[in-house]
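User: I would like to go through some of the labels used for this structure. Please set each one against its definition.

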Amino acid sequence: MPFNGEKQCVGEDQPSDSDSSRFSESMASLSDCECSRQSFTSDSSSKSSSPASTSPPRVVTFDEVMAATRNLSNLTLAHEIAVNENFQLKQEALPENSLAGRVKHIVHQAFWDVLDSELNADPPEFEHAIKLFEEIREILLSFLTPGGNRLRNQICEVLDTDLIRQQAEHSAVDIQGLANYVISTMGKLCAPVRDNDIRELKATGNIVEVLRQIFHVLDLMKMDMANFTIMSLRPHLQRQLVEYERTKFQEILEETPRKAEVAGVS
């Protein structure tokens, strides 16, 4: 390919000796540059492929990833609670026409149907009902403040599953009476917004439906308690938000491997 602006055209003079000399020197210089570039590329390739010059890639464990994710989720949640006065937890119901919603409905309905058949058997079977009261007792106790020892002792005494089981063995257990006590205790512990739910529980006649609705209202009460706790902690969190976010962000940085470490670049 011609050089120097393609001046070697037909009818033009041939280059002088001095031009030829400069051209030769230029080509020699270009050749030296190409050789140097090839040498550098070869050396760099050799060095990058050498095991001795490459840091081993850091292995990221599942626990590390989950810890960083939890910290990031906690940081986001704390920020939302602090800046959003209307933030509240809500129960998310599965769509009834969804597969998960239908499966949940079928499983729950089957459980309550079995309980109904057991309580109406001759003689009645109370084991599943006793386990439900045991679960109810633990939920009620979780609502109590540290100073509620009197009510705590009463709940533990009335809903003593060992005593209830002994009564069941002698056909002396009063399931409806126990349910009435639970409803009365829920009325003492619930927020005013649940008063109507408590009245509906008291008006329900079927014991299986009563137990079913008791768990429904208890779930609502747990959500109320969580939102009350959020509301109580919001002023404190607002005061400590900057320091909290700085601390959490530093934890995320420490628990999340840097790209360079993952890639094995020193």
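Analyst: Arginine 234 is a place to start: it lies in helix α9 (residues 207-255), where a helix is a DSSP run of H or I of at least four residues, numbered from the N terminus. This is a predicted model, in which local features need pLDDT of at least 70, side-chain atom pairs count only at pLDDT 80 or more, and totals for chains, interfaces and linings use all residues. Residues are numbered from 1 along each chain as its sequence is written, and side-chain values use heavy atoms, with hydrogens and water left out.

User: Why is arginine 234 called buried?

Analyst: Buried means under 20% relative accessible area, exposed over 50%, and partly exposed in between (1.4 Å probe, protein chains only). Arginine 234 has 5% relative accessibility, so it counts as buried.

User: Why is the pair of tryptophan 112 and phenylalanine 215 called tilted?

Analyst: Rings of Phe, Tyr and Trp (its six-membered ring) pair if their centres lie within 6.5 Å; planes under 30 degrees apart are stacked, over 60 edge-to-face, and the rest tilted. Here the centres are 6.4 Å apart and the planes stand at 55°, so the pair is tilted. Tryptophan 112 is in helix α3 (residues 99-119) and phenylalanine 215 in helix α9, 103 residues apart.

User: How do you know that phenylalanine 215 is buried?

Analyst: Phenylalanine 215 has 13% relative accessibility, so it counts as buried.

Technical notes. Helix = DSSP H or I, 4+ residues; strand = E, 2+ residues; numbered from the N terminus.
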